[in-house]
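I opened the notebook to look up how two chains meet. The entries follow the order in which I checked things.

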Protein chains: 2
Amino acid sequence: MTATADPEAAANELMPLATYLGSVLRRLVALPPLDLDLTQAYGNVLAGDVTVPHPVPAFDQAAIDGYAARWEDIAAAGRAGSHPSFGSFEGGPRPVRLNVVGDLGAASWRPVRLTPGACFSVAAGAPLPLGADVVVPVHWTDQGMANVEVYHAPKRGQGLRRAGELLAVGQVIAHRGAYVTPAMVAAIASAGIGHVVVRPSPRVVIVATGDELVDVGRPSQPGQIVDANSHALTAASVEAGALAYRIGICDDDPEGLRGLLEDQTLRADLIITTGGTGTGPGDMVRRILSRQGAVEFTDVALYPGAALGFGTVGAEEVPVVCLPGDPGAALIGFEVLVRPVIQLLAGAEPVFRPSVRAHLLETISSPGGLREFRPAHVAERRGGGYTVQPLAGGPYTLSGLAEANGLLVLGERVTHAAAGSTVDVLLLDRRR
Amino acid sequence: MTATADPEAAANELMPLATYLGSVLRRLVALPPLDLDLTQAYGNVLAGDVTVPHPVPAFDQAAIDGYAARWEDIAAAGRAGSHPSFGSFEGGPRPVRLNVVGDLGAASWRPVRLTPGACFSVAAGAPLPLGADVVVPVHWTDQGMANVEVYHAPKRGQGLRRAGELLAVGQVIAHRGAYVTPAMVAAIASAGIGHVVVRPSPRVVIVATGDELVDVGRPSQPGQIVDANSHALTAASVEAGALAYRIGICDDDPEGLRGLLEDQTLRADLIITTGGTGTGPGDMVRRILSRQGAVEFTDVALYPGAALGFGTVGAEEVPVVCLPGDPGAALIGFEVLVRPVIQLLAGAEPVFRPSVRAHLLETISSPGGLREFRPAHVAERRGGGYTVQPLAGGPYTLSGLAEANGLLVLGERVTHAAAGSTVDVLLLDRRR
């Protein structure tokens with residue numbers, strides 16, 4: 001178990017969070033890209049721009065259900081008139097009658113041509129007959145079968161889509177570095193593209209360390225603490241877009257820990273440990289991994305947080321992040337450090353959660369010199385804007401973290417924030 | 001392919017979206033609960049409150065690394081003094097010396113008792129020796145091994161946690177209806193709970209209908225339209241928390257469609273069809289499913305949207321939602337109708353995405369009488385607040401949808417929104 005940060009320990013050698021995060025991210029590169037079926041690509045990050053190979057639609061088509069006609073044949077129906085469903089127009093009705101020479105559905109493929117005075121009944125998506133330059137909506141007509149009375153003429157070119165009007169050849173529809181979203185899948189599939197090149201979801205291995213840890217499912221005795229972190233960080237990794245493998249508990253045995261981490265490099269793009277990052281005699285992870293030289297521990301000006309470790313394991317130099325053992329500090333450490341690391345490995349630009357400015361409902365104090373992330377409840381205000389209620393007990397209260405839907409951000413210089421002032425809050429995902 | 005909604009078709013019988021959504025949701029109930037291992041429960045919705053069965057911590061413990069002592073023995077170290085790392089206090093230094101009679105780690109389990117003038121070196125998480133009522137932080141001492149000099153006395157009770165201080169027995173740490181989050185996993189596991197009762201993730205089957213549809217991977221010919229919806233709606237279902245099964249394309253054959261839907265009721269908690277919901281001659285889904293009587297089609301005052309269908313299939317009465325065939329209309333229909341349905345089946349209270357008020361960057365018009373959801377790009381403004389840029393081409397532009405990170409909401413009465421006015425925008429998930 002790691003020492004929780006004592007906010008009064010105003011040590012001079014704390015590294016600002018932004019500096020630390022930058023130094024970690026600079027040492028990482030995105031995973032190599034791979035070609036995936038579009039169905040499997042959702043949620044991954046594009047490794048290159050996606051451009052349109054063929055025009056969409058591939059052919060001129062009706063955009064609505066109606067009658068495909070030559071505009072010059074119906075122009076006389078005029079802009080003025082009246083008809084059953086549209087009430088009175090200026091002047092009297094001047095309907096135009098056309099012969100309906102055929103029906104075209106979206107699946108019709110035989111090329112057809114319009115002759116003067118004729119029209120085709122068309123469904124949305126149907127190929128446009130040659131010579132047609134307008135589609136009259138069904139409800140602007142008497143909906144006739146053999147012939148049709150057109151009450152009102154649309155403008156030339158209305159009711160149809162020209163080839164390439166939705167997606168033009170060469171157009172970039174999805175950009176490198178973007179997560180593939182459902183709407184992006186729609187655009188990419190519509191362009192006829194069935195495969196995309198993305199970065200794989202990072203494979204993250206989670207290990208909780210400490211002789212005192214026991215698995216969930218029973219009450220803990222003195223000398224035992226239930227391992228919550230391996231479960232919580234596994235869920236957090238999945239939420240961050242990773243494939244997560246929970247190893248569970250590893251004792252504070254130097255050989256055991258070293259061997260376990262080496263073994264896991266075979267299937268891990270990132271290893272997360274939790275516990276033992278402090279400087280006390282029981283902080284074994286720091287002692288074991290520092291000694292190997294490949295992991296560096298840093299006291300970050302973060303509350304809650306204490307010490308964080310970053311480095312690599314094994315000949316493959318698999319990155320490893322060491323988080324504190326306190327569940328609150330581990331989750332905040334994940335949020336500010338591991339999440340950006342996973343995003344970077346996945347090929348995205350690391351970004352924090354969306355933030356809002358909110359009206360603070362309760363006066364709070366915060367340790368000077370440390371950047372504090374405090375669980376809070378954000379609510380929308382009637383008429384716009386947000387309010388934010390800090391949750392009781394500060395960041396170490398598990399129940400507070402579990403209830404929070406936001407994290408109040410209190411910068412290094414903030415020691416006091418008064419009720420009624422405006423503060424920054426990161427929005428956590430609470431709902432699908 | 002469904003007719004796209006013609007905004008000028010000011011039909012009188014359109015049902016307001018809120019009324020329609022309410023009528024659909026009232027006909028559904030959440031899936032029956034099941035008991036899941038905590039590791040598998042992340043992302044599901046709790047079917048009941050989770051209460052704490054055992055106190056956390058289970059025993060009085062050190063909260064920090066330091067020296068566990070009897071407060072009366074160190075009180076004389078006083079509130080005033082000076083020491084190496086803390087500079088000058090009022091008055092002179094008055095250190096107190098204690099014998100260090102043992103070391104306690106988080107894994108120590110043997111009960112020990114303090115005698116006057118003695119202390120134990122303790123790690124955070126270690127059981128508190130009987131008689132100890134304060135833990136002096138390491139850096140308030142000379143960090144001695146056999147004996148220690150205490151420069152400064154904390155208040156009585158500081159540096160420790162009493163049994164149940166983090167989580168008290170009977171306390172509700174997670175509420176019925178909440179999605180299980182990583183932090184909630186931490187709280188539940190910390191309480192020693194290894195299983196929770198949740199609603200399963202709804203199993204959603206997605207079918208695209210239409211004789212004109214062809215699969216991705218080739219350019220479409222006249223009479224062919226690439227099926228984008230089955231892919232996009234599968235991704236959208238996963239994003240909404242469902243287990244999604246993509247069936248792909250089903251022809252407009254009445255027997256084939258009926259048989260397919262019946263078969264899928266075996267593994268579906270919800271079936272989504274796309275295409276054929278309009279009133280044209282090619283709108284087969286509406287004709288086939290209306291005839292059976294169990295699916296009702298409604299013209300909803302939604303743009304884009306046209307007609308939506310809702311009902312049940314088969315003797316098991318598996319709910320089915322029928323969306324239009326236009327990809328934009330299908331995705332908006334999913335957003336406003338299917339997403340809430342999935343949330344309800346999953347046991348959550350259906351909610352829209354988080355919304356913000358944003359400064360509109362471009363004047364736009366919107367069809368009166370219809371509630372419009374228009375793809376838009378939302379950006380945070382320096383100094384707080386948001387701006388929103390409607391994407392070119394309106395809701396039917398696939399590239400616009402793919403680029404959007406928000407949906408402008410333009411209510412039924414809005415026909416015009418001026419640049420500079422404040423509008424509501426739903427925030428889409430764009431990043432992990």
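The entries below concern the interface and the symmetry.

I am working from a predicted model, in which local features need pLDDT of at least 70, side-chain atom pairs count only at pLDDT 80 or more, and totals for chains, interfaces and linings use all residues. Residues are numbered from 1 along each chain as its sequence is written, chains are lettered from A in the order in which they are written, and side-chain values use heavy atoms, with hydrogens and water left out.

Entry: extent. I found 98 residues of chain A and 98 residues of chain B in the contact (heavy atoms within 4.5 Å). The buried area is about 7,600 Å², and carbon and sulfur atoms give 63% of it; buried area is the accessible area (1.4 Å probe) that two parts lose on being put together, summed over both.

Entry: charged pairs. I noted 2 salt bridges between the chains (a side-chain nitrogen of Lys or Arg within 4 Å of a carboxyl oxygen of Asp or Glu). One of them joins Arg161(A) to Asp326(B), with the closest N and O atoms 3.7 Å apart.

Entry: symmetry. Chain B superposes on chain A by a rotation of 180° with 0.0 Å of shift along its axis, at RMSD 0.1 Å (least squares on C-alpha atoms of residues with pLDDT of at least 70 in both). I recorded this as the relation of a two-fold axis. The same surface serves both copies, as 100% of the contact residues of chain B recur in chain A.
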